[in-house]
Amino acid sequence: MKMKYFLLPTHFAFLYSFALSKPVQKATRNSDLGSEIAVYEGDILLRRGRRSAINCESCLWPKSQDGLVKVPVNISSDFSMTERSWIADALQEISTLTCVQFVNRTTEKDYVYVERGQSCWSYFGKIGGRQAVGLVKNGCMDKGAIQHEMNHALGFIHEQARSDRDRFVKIMWEHIVAGEQGNFGKVNSKNLGLPYDYSSVMHYGAYDFSSTPGKQTIVPVPDPSIPIGQREGLSNLDVAKINRLYKCNCCSSVLSKSKGLFSSVNYPSPYPNNSNCLWLIRVRRSKIFLQFEAFDLQPSSDCSSDYIRVYNGNSKNSPVLLDRYCGKGPLPSLVASGSTMLVEFASDESITATGFRASYNRVNCGDTFTDSNGIITSPNYPNTYPKNRACFWVISSPVGYKISLKMLSFELEDSDRCIYDYLLIHDGSRPTSPAVGPYCGTEKVADFTSTGNFVLVEFHSDIVWELPGFVISYTFGR
């Protein structure tokens, strides 16, 4: 198979350098199906006459009696264990936020076979039998890129191929590689009544198929500065589209801005009975600092009725940061160890309360500690800490236990009033909790014992000096 190479000068550009040659309506022969197929828009393999599952109910994967859409998947052993984990993680995100559940294939006749290919491609919708999806190592192993191809298999077109796209983007035909203009066609889509989504994993990048460096092939209108074509993961509207197309009864959202607010349904009015809602927080190349501004859930033994649970990752299989919590606040602040955090809220059929309101921010570094003892160090220790950092470490002990801290090593930039690089120790989990400090230079940091079961260690560096930093040990005690 001949491969094409295109110049994609933006970091938002999806790697179509491995797109199938002559991608528009090229008829080929598929030996497995024994019927003609067409390659459409670079990475979609079509049976004749198909365009969008939005207009084609027979293209959808069937729903089980339990309300789940189970899609059996087999991942080729040609992928390394690391690559297989990337693929599984990308699919798990879809399974977490929608009723589409990717399950390991056993004996199912109809299933998706993920294979290592020379390009990135997928059949369109459910075709029956063994249905291949091709992923190339250097081009399709980002989470959003994997989800892009799997969304084709679920029956979704490229976002900029929507029937109403000309209201939202302008196609710069003069900058498209000769012979590739057909990649920018439109289809007669119903669009599920949902808004156009510049942030969709199904959207081309601004420079895809560009013939000239620095010249965009797609320009958003009326604001050309809007980024398009991200491959970080499902957008909030990507989730909404899957749930609407497959008639999923799911309450789930993606929060992808660097900071934001969210709350239980109807807040500050009482939340509904029998709710189960998920918020996936995802920030780029950072960590997440979560705070609950208000909290009032129906109390119950072991919080078996209504509760909040927070996961350190993008699924319910991720480690738990905060297990079932109910009653009235305050709740501890939490720091994810990575760039994703999942918040789960559930209510039963009995009485309800006003619910919760929460905020989150992107932070450079930090973590949440729940072990009975441990060590906290400044970033890069024992090497010098980086410039311009804001770090938050939350230590959480069981109720009835206090937290004791001892400084083992300490050297920050020295300044009057410690206004440049500094360390604060909060008696509580919030930046507004009472604090000792700020500390800087090489001054003696006194041993510290909390009055409750939470401590927040806060560190800031500015844009000038870098020094070795600090080492703190902590223990739990009565």
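This report describes a predicted model of a protein chain, from its overall make-up to selected residues.

**Overall make-up**

The protein chain has 478 residues, and 57% of them count as buried. Its secondary structure consists of three helices and 29 strands. Among the contacts with a separation of 6 or more, 75% are between residues 24 or more positions apart.

**Nonpolar cores**

The largest nonpolar core of the model holds 43 residues. Within this core, the residues with the most contacts are Val71, Ile87, Val100, Phe102, Leu135, Leu154 and Tyr246. At least two core residues come from each of the strands β4 (69–75), β5 (100–104), β6 (111–116), β8 (130–135) and β13 (276–282), and from each of the helices α1 (81–97), α2 (143–154) and α3 (236–245). Helix α1 contributes the most, with five residues.

Neighbours within four places in sequence aside, Phe102 is in contact with Val71, Val73, Leu91, Ile94, Ser95, Met150 and Leu154. Another core lies apart from the largest one and has 30 residues, including Trp279, Leu290, Val310 and Cys326.

**Annotated histidines**

An unreviewed UniProt entry lists His148, His152 and His158 under "binding site". Of these, His152 is found in helix α2, while His158 is in the loop between α2 and β9 (169–171). The relative accessible area of His152 is 0%, under the 20% limit, so His152 counts as buried. His158 also counts as buried, because its relative accessibility is 0%.

The side chains of His158 and His152 make a polar contact at 3.1 Å. Leaving out residues up to four places away in sequence, His152 touches Asp43, Ile44, Ser122, Tyr123, Phe124, Gly125, Ile157, His158 and Met202.

**Asn191**

Asn191 belongs to the loop between β9 and β10 (218–220). With a relative accessible area of 11%, Asn191 is under the 20% limit and therefore buried. Its side chain makes a polar contact with the side chain of Ser163 at 3.3 Å.

| Residue | Partner | Distance |
|---|---|---|
| His158 | His152 | 3.1 Å |
| Asn191 | Ser163 | 3.3 Å |

**A five-stranded sheet**

The loop between β22 (373–377) and β23 contains Asn388. Residues up to four places away in sequence not counted, Asn388 touches Asn364, Ser461, Asp462 and Ile463. Asn388 and Ser461 are 73 residues apart along the chain, yet their C-alpha atoms are separated by 5.0 Å.

How values were computed: Residues are numbered from 1 along each chain as its sequence is written. This is a predicted model: local features need pLDDT of at least 70, side-chain atom pairs count only at pLDDT 80 or more; totals for chains, interfaces and linings use all residues. Side-chain values use heavy atoms; hydrogens and water are left out. Helices (H or I, at least four residues) and strands (E, at least two) are DSSP runs, numbered from the N terminus. Contact means heavy atoms within 4.5 Å. A nonpolar core is a set of buried Ala, Val, Leu, Ile, Met, Phe, Trp, Tyr and Cys residues joined through side-chain atoms within 4.5 Å. Buried means under 20% relative accessible area, exposed over 50%, partly exposed in between (1.4 Å probe, protein chains only). UniProt positions are given in the numbering used here, feature names are shortened, and annotations may be inferred rather than shown by experiment. A polar contact is a pair of N or O atoms within 3.5 Å; within protein, one must be able to donate a hydrogen and the other to accept it, and residues adjacent in sequence count only if both atoms are side-chain atoms.
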